[in-house]
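Here is my note on the model you asked about, written as numbered points. Keep the 3D view open and find each piece as you read.

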Amino acid sequence: MFAVRNQLCSISKRAFATVTSTSPKVDQKFRVVVVGGGPGGLSVSSTISNLLGKNQVAVIEPSNKHYYQPLWTYVGSGLKDFNESFKPMAEVMPTNAEWIQDKVTTFDPENNTLRLADGQTVGYDYLVVAAGIQVNWDNIKGLKEALGKDGVTSNYDIDSVQKTYKFLQEFKGGNALFTFPTTPLKCPGAPTKITFLAEEVFRLTGVRDKTNVIYNHGGTQIFGIEYFAHAIEKLADERGIKRNFLHELVEINADNHQAIFKDNSKNGELKTFEYDFIHVAPPQGPPDFIKESKLADANGWVDVNKDTLRHNKYNNVFALGDCSSLPTSKTAAAITGESGVLKHNLIADLQGKKVEQAVYDGYSSCPMILSRDRLILTEYSGYTNYSVYLLEWIVDR
């Protein structure tokens with residue numbers, strides 16, 4: 001009997017040791033932790049922190065500035081000043097939320113914790129992931145080294161966007177090349193907008209008749225919704241913008257002013273284009289710290305239900321915006337629809353109420369500005385590819 005009892009005690013001690021060794025020490029704990037201080041994270045944290053009060057909601061965001069990146073298309077085309085596109089993060093952070101200015105390195109959803117870059121462990125009852133998308137500059141050989149120099153630019157880069165309009169004004173003719181990647185990307189209308197707006201700049205500076213405007217697009221049509229694609233294609237024809245679809249940028253040879261593309265309509269055959277100006281929309285994807293976590297789906301995005309925005313495995317985890325697996329366009333307009341659904345469902349959990357779950361219908365929108373006085377407002381569901389309507393605005397100046 002004593003031998004059995006001693007054996008049980010030994011097993012008990014080992015089990016206890018296992019539990020205590022795997023349970024993380026928590027340095028801070030909050031009712032709700034929001035990862036990301038962009039439009040999605042701020043929308044959710046503002047509402048929830050007002051509901052719960054101080055010391056209940058934390059926002060983890062490393063940047064000290066909040067950039068409104070949809071404005072960068074207008075900065076690059078000379079319609080807005082770069083300084084209009086950002087505010088200090090402290091000015092937009094919700095008053096009742098605690099701002100943790102650090103990066104998340106790992107998630108441990110089994111223990112409702114996450115780890116920060118400084119080594120601290122943060123615990124939560126509920127987690128909202130709104131961490132945006134990762135721009136993968138290194139996926140295009142030579143791009144990082146060439147960016148911002150000698151006519152190579154991108155409105156997706158904080159420094160380069162401030163040089164785009166200067167390069168457009170200095171352009172004296174030749175090949176003006178624009179790209180669209182094969183990956184998902186934030187603000188997918190932006191590469192098309194700058195193509196049209198640059199073409200207008202060339203006309204205004206008197207070099208359009210000496211310029212070839214070439215749009216090499218990784219997809220099969222100029223806009224994801226066919227109804228709107230037809231209207232934009234018609235305008236591209238009128239403006240003399242040449243399109244090459246299924247063309248994926250793989251390399252910039254800056255010394256020779258050459259851009260190398262894979263032609264995916266011809267089994268990846270490589271094609272070289274000479275350029276005098278090139279605007280690159282870089283390949284993008286899920287942030288590494290999400291892709292490598294238990295929160296990710298097979299493609300690396302936060303794996304959430306497309307209707308409720310709740311995680312498919314962890315019931316106390318939600319996600320919205322560009323880092324989520326939601327099969328719709330990654331736009332600020334989509335985030336607006338997503339955040340209302342998420343907040344409804346999260347608040348019901350926080351208040352212990354059994355209510356009908358709000359459902360997101362995939363709504364997205366893009367004001368497709370095509371000149372200084374003309375735009376097509378696109379509204380649609382990314383789930384059904386059904387267009388709400390087409391509204392074309394023409395402003396007389």
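**Notes on the fold**

1. Let's start with a helix. H7 has 15 residues, and from its first C-alpha to its last it reaches 21 Å, close to the 21 Å expected at 1.5 Å a residue. The expected span here is 1.5 Å times one less than the number of residues. Helices (H or I, at least four residues) and strands (E, at least two) are DSSP runs, numbered from the N terminus.

2. A word on the source before going further. This is a predicted model, in which local features need pLDDT of at least 70 and side-chain atom pairs count only at pLDDT 80 or more, while totals for chains, interfaces and linings use all residues. Residues are numbered from 1 along each chain as its sequence is written, and side-chain values use heavy atoms, with hydrogens and water left out.

3. Buried means under 20% relative accessible area, exposed means over 50%, and partly exposed lies in between (1.4 Å probe, protein chains only).

4. Next, the open sheet. Five strands make it up, in the order E10-E17-E11-E12-E13, with parallel pairing. Strand E10 (152–153) and strand E13 (241–245) stand at the edges with a single partner strand each, so one side of each is left without a neighbour in the sheet. Helix H7 (residues 190–204) packs on this sheet and touches E11, E12, E13 and strand E17 (277–279). The direction of H7 makes about 180 degrees with that of E12; axes are lines fitted to C-alpha atoms, for helices over the stretch in contact, and angles run from 0 to 180 degrees between N-to-C directions.

5. Strand E11 (residues 174–180) and strand E12 (residues 211–217) are paired in the parallel sense over seven bridges. Two strands pair if DSSP finds at least two bridges between them. As an example to find on screen, Phe178 has Tyr215 in E12 as its bridge partner.

6. Contact means heavy atoms within 4.5 Å. Pro191 is buried, with a relative accessible area of 1%. Its C-alpha atom is 9.9 Å from that of Ile222, a residue 31 places away along the chain.

7. Now for some antiparallel strands. Strand E14 (residues 247–253) pairs with E15 in the antiparallel sense over six bridges, and the two form a hairpin with four residues between them. In the turn, His257 has a positive phi of about 55 degrees. Strand E15 (residues 258–263) is mostly covered, with five of its six residues buried. Six bridges also join E15 to strand E16 (residues 269–274), again antiparallel; Phe261 stands opposite Lys271 in E16. The hairpin of E15 and E16 has five residues between the strands, and Asn267 takes a positive phi near 55 degrees there.

8. His247, in strand E14, is worth a click. His247 is buried, with a relative accessible area of 5%. A polar atom of its side chain lies 2.9 Å from the backbone oxygen of Phe245. Leaving aside neighbours within four places in sequence, the contacts of His247 include Phe180, His217, Phe261 and Lys271.

9. One record entry to note. UniProt lists residues 30–155 for "domain: FAD/NAD(P)-binding" in an unreviewed entry; its positions are given in the numbering used here, feature names are shortened, and annotations may be inferred rather than shown by experiment. Over residues 30–155 the chain is 21% helix and 33% strand, with the end C-alpha atoms 37 Å apart.

10. Finally, two residues from other elements. Val104 lies in strand E6 (residues 104–108) and counts as buried at 7% relative accessibility. Among its contacts beyond four places in sequence are Val35, Ile60 and Phe289. Ser49, in helix H2 (residues 39–52), counts as buried at 0% relative accessibility. Beyond four places in sequence, Ser49 is in contact with Val57, Pro94, Asn96 and Ala97.

Definitions and conventions:
Polar contact = N/O pair within 3.5 Å; in protein donor to acceptor, adjacent residues only side chain to side chain.
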